[in-house]
Number of protein chains: 2
Amino acid sequence: MRKQSAVTQRKIETPSRPSKPSDRIERSRVDKFSARRIELAEAALETLAELGYARTSLREIAQKSEFTHGVLHYYFSDKVDLICCCVRHYKSKCVTRYDQITSAAQSRDELMKGFLEKLGATVRDEAGMHRLWYDLRSQSLFEGAFRDDVAEIDKSLEDMVWRIASRFASLGGRQPVVSRGALYALFDGLFQRCLLRHLSGDRTAIADLQEEVGRLLPTIA
Amino acid sequence: MRKQSAVTQRKIETPSRPSKPSDRIERSRVDKFSARRIELAEAALETLAELGYARTSLREIAQKSEFTHGVLHYYFSDKVDLICCCVRHYKSKCVTRYDQITSAAQSRDELMKGFLEKLGATVRDEAGMHRLWYDLRSQSLFEGAFRDDVAEIDKSLEDMVWRIASRFASLGGRQPVVSRGALYALFDGLFQRCLLRHLSGDRTAIADLQEEVGRLLPTIA
DNA sequence: AGGATTGCTTGACAAATGTCAAGATTTTAG
DNA sequence: CTAAAATCTTGACATTTGTCAAGCAATCCT
């Protein structure tokens, strides 16, 4: 009979601190385990970005990875566990996207230019991932299991937007004139709309977004 | 053998003008047909609002209606057709929500008060329908079949928000200081965030939204 | 090297799903 | 009233889905 306890428990809890002074063997095993979890989560993200939550099955995910479908239940307790892992992993790749531009820019114009460029590139090159984000956020309205992670990501994104705007403001010796929440709502709404138009084949969607943001940001920050 | 042609064709095309001077018999038959379509679409909307797009099956929908699952294929060519019908029907119930308040109000205060009240009531009483809207809008990022209808609804909502804001502005002898698109993005983003918080059990979500809007609207319009 | 642990594959299972056709039932028309 | 048309039910179908267990393969440990 297969030994279940150790593995199964690892599946359920998020791999946290090994902490015991005993050895780094356990540690490296845990690392390997969670490394593969992430690898599988990445394959899952790819599939989700392509098909959306509703149409993504475990077998499709496995096919995008180099493994077979059974392995998913070795690394994840169930589908929700997997998706949660995806959501968490997605976050880390996403919230620092504009940080370099923000901290490097030395003038309002420079920041604006870099931001708009990156913004456009994001829509163009990562439309799949972003439609997935909106999909998963909507799922969290129904599936409580996703809510905490989604709320945390939302918060991180809000912070990200705030960093950009307050940097932009401070480069002009000012402060943003709206709240963090309102600012994020505004940008998120504009971005979402642009994404929909872009995916619908609207070639001017990105330029329109850039123009709108270019007009809006100076009046706000 | 069952006669297919007439019925099947009616299924596919949206019931439009009977127009022929021949009789209103055909007309009343078409009306009856599309009336039942709407009846079924309403049952579907109820189910969708409860479970979300990903978890809603035709059999569940039928169970919420007074019919059995087979009937859905009598009135709809397939699942996508049904959902599209739902989306279209949803629209008509949704975009005039604030019109009475908007046109009745005689002062900025009155409009603001009525709007905030209705806004709160919408989140409180119709959270299910609205999470469905966000779900379906996200689906349209993947499923092209929904895109046109979703875009149209989005436009209608933008108009709705614009009507409110420009009325509010004109009651103060002004004009809104942001574009229609930005205004809608802002409100949509705030609403969406509020909805998520509200459904997560956050008791202050609605009040916070009302406060934020109460602060924001006068600076914009 | 050899036994044990871990990692992965294979195949199976029951449940659920979209779809459809045959027929029962109801409504309509002449 | 009766035949035909419209409406609805029932049961079936082929897939797909999440889940899991048994076993093969690779790795580790002593």
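How many residues does α11(B) have, and how far does the helix reach from its first C-alpha to its last? In this predicted model, α11(B) is built from 16 residues and reaches 22 Å between those two atoms, close to the 22 Å expected at 1.5 Å a residue.

The buried residues of α11(B) are B:Ala205, B:Ile206, B:Leu209, B:Val213 and B:Leu217. These residues sit on the same side of α11(B) because they cover an arc of only 80 degrees around the axis. As for what lies over the buried residues of α11(B), the cover includes α7 (108-125), α9 and α10 of chain B. In soluble globular proteins, nonpolar side chains tend to be buried together.

The helix α11(B) also turns up where the two chains meet. Chain B brings 30 residues to the contact, and chain A brings 30 residues too. On the side of chain B that touches chain A, at least two residues each are supplied by α8 (127-139), α9 (147-170), α10 (180-199) and α11 (205-220) of chain B. The largest share of that side, 12 residues, comes from α10(B). Sorted by class, the residues of the side of chain B that touches chain A come out as 16 nonpolar, 8 polar and 6 charged.

Next comes the nonpolar core. The largest one has 109 residues, and those with the most contacts inside it are A:Cys86 and B:Cys86. Leaving aside residues up to four places away in sequence, B:Cys86 touches B:Ala41, B:Ala44, B:Leu45 and B:Leu48.

That leaves the domains of chain A. This chain is split into domain 1, covering 23-80, and domain 2, covering 95-220. Taken over C-alpha atoms, the centres of domain 1 and domain 2 of chain A are separated by 29 Å. Where these domains of chain A meet, 6 residues of domain 1 are in contact with 7 residues of domain 2. On the domain 1 side of that contact in chain A, the largest share, 3 residues, comes from helix α2 (residues 24-51) of chain A. By class, the side of domain 1 of chain A that touches domain 2 of chain A has 4 nonpolar, 1 polar and 1 charged residues.

Technical notes:
Residues numbered from 1 in each chain as written. Chains lettered and ligands numbered in written order. Predicted model: local features only at pLDDT ≥ 70, side-chain atom pairs only at ≥ 80, totals over all residues. Helix = DSSP H or I, 4+ residues; strand = E, 2+ residues; numbered from the N terminus. Nonpolar A, V, L, I, M, F, W, Y, C, P; charged D, E, K, R; others polar. Expected span 1.5 Å × (residues − 1). Buried ≥ 20, exposed ≤ 12 C-beta atoms within 10 Å, placed from the backbone. Arc of directions from axis to C-beta. Core = buried A, V, L, I, M, F, W, Y, C linked by C-beta atoms within 7 Å. Domains from an automatic or database assignment.
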